[in-house]
Amino acid sequence: GAEQLPVHSLALIGVQCDDGTADALCALLQLKTPAFVSILLESCNIAPHAIRKVINGLALSQTIREFRCRGAPVGDQGAVLLLEATKSGAPMLHSISLSRANISLHGVQYIADAIQDCWLKITLSQNHIGDEGVRLLANALHSGSSLAVLNLAECGIGPRGCEHLAHILQTCPAMRELDIEGNHIGCSGVELVSKALDEARALESLRLVRCDVRGRGVQCLAAALATGAPALQELGLFGNPLPRSQRDLLQSALASRNNTLYVGFDTENEGANDGPHEVSLRSQAAGDTGRSELIHDLFAPDAHEPVARSAASAEHAASHLLAPVQCPFDTASAHRARRNDSDNEMGPKVESELG
């Protein structure tokens, strides 16, 4: 489906953003009615001079709270200008998203320098910043930082980078969401992140999709789930096929939790006629039944609706799908479709939601 934009958001999608377009955009940003709070540039061919004009417009705005750039190559120049903008103005800006924006390690240095206490959300997904980029961000985040959401999906992070991710979890008490999907952190990386969960008191969502989570990493993660991250509600492990023994280990860990936590993951083939499938587990709050449950079992990757394997499992799945709190994880096909939607370039389009 179409992305839900905030009220009074301005979206430029698939347009040629030259100086004239940038001037018009800046004029819109200065309007008091409607007062735009969010701007999105997606798959735009943006000229170098236009980048400067757009970001200068952000600095002059008294209302913009969110700047998102996805698939528009603002590059390191955009990062430099963002640093200048935050130092000279942009009093309301608290969310920065530069996804697939050609940001290099050089640009990350400027972003790290620009991080301020008012920045609540940073997205740098699909920019190859590597372990060193995470180190720069971690060093910029002081103890007590207000950063609440950090998205570093597909950023070329390895096990060494997880030392710095652990530091971020430990020094950002307000951190609610951490997404490191598609980074090959392996068992040692998962272990480092897991150990930091004891201090991640506010963390609600952790995405370790396609992160090579297995073996010892699952053991460390299960141990951490049993005692740490008390606010965690969603743990994404899709793309890390797990054998039954490791699934059982996670399910046992969930039984001791006092809140509702969903864990979504794939399982390895367990029989000749048993293809890969997707499973979600729910740990129920102690006030409910105090035990972990298998919510649903889905065939993948071609499943579009939940498919029960027997009459008994159909009844079992239905009882949990009707639970008051619904499982937040999509089926594998829906997950894949959502990623494809975000990656496909769209035709020229300008949208303004005036609420």
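This is a predicted model: local features need pLDDT of at least 70, side-chain atom pairs count only at pLDDT 80 or more; totals for chains, interfaces and linings use all residues.

Residues are numbered from 1 along each chain as its sequence is written, and side-chain values use heavy atoms, with hydrogens and water left out.

Helices (H or I, at least four residues) and strands (E, at least two) are DSSP runs, numbered from the N terminus. Two packed helices are described by the angle between their axes and the distance between the axes. For helix α7 (residues 186-196) and helix α8 (residues 215-227), the axes come within 8 Å and cross at roughly 10°. Axes here are lines fitted to C-alpha atoms, for helices over the stretch in contact, with angles from 0 to 180 degrees between N-to-C directions. The helices α7 and α8 are therefore roughly parallel to each other, a term for angles under 35 degrees. On the α7 side, C187, S188, V190, E191 and S194 make the contact, and on the α8 side R216, G217, C220, L221 and A224 do so; contact means heavy atoms within 4.5 Å.

E191 also forms a salt bridge with K195 (3.5 Å, N to O). By salt bridge I mean a side-chain nitrogen of Lys or Arg within 4 Å of a carboxyl oxygen of Asp or Glu. E191 and K195 both belong to α7 and are four residues apart, about one turn of the helix. How exposed is K195? At 56% relative accessibility, K195 counts as exposed, where exposed means over 50% relative accessible area, buried under 20%, and partly exposed in between (1.4 Å probe, protein chains only). E191, at 21%, is partly exposed.

The whole structure holds eleven salt bridges. Which residues form a network of them? E154, D179, E181, R207 and R210 are linked in this way. Within that group, R207 pairs with D179 at 3.5 Å, N to O, and with E181 at 3.0 Å, N to O. E181 lies in the loop between β9 and α7, 26 residues from R207 in strand β10. R207 and D179 are both buried, and E181, at 3% relative accessibility, counts as buried.

Lastly, the buried residues of α2 are A50, I51, V54, I55, G57, L58 and A59.

How values were computed. Angles under 35 degrees count as roughly parallel, over 145 as roughly antiparallel, 65 to 115 as roughly perpendicular and the rest as oblique.
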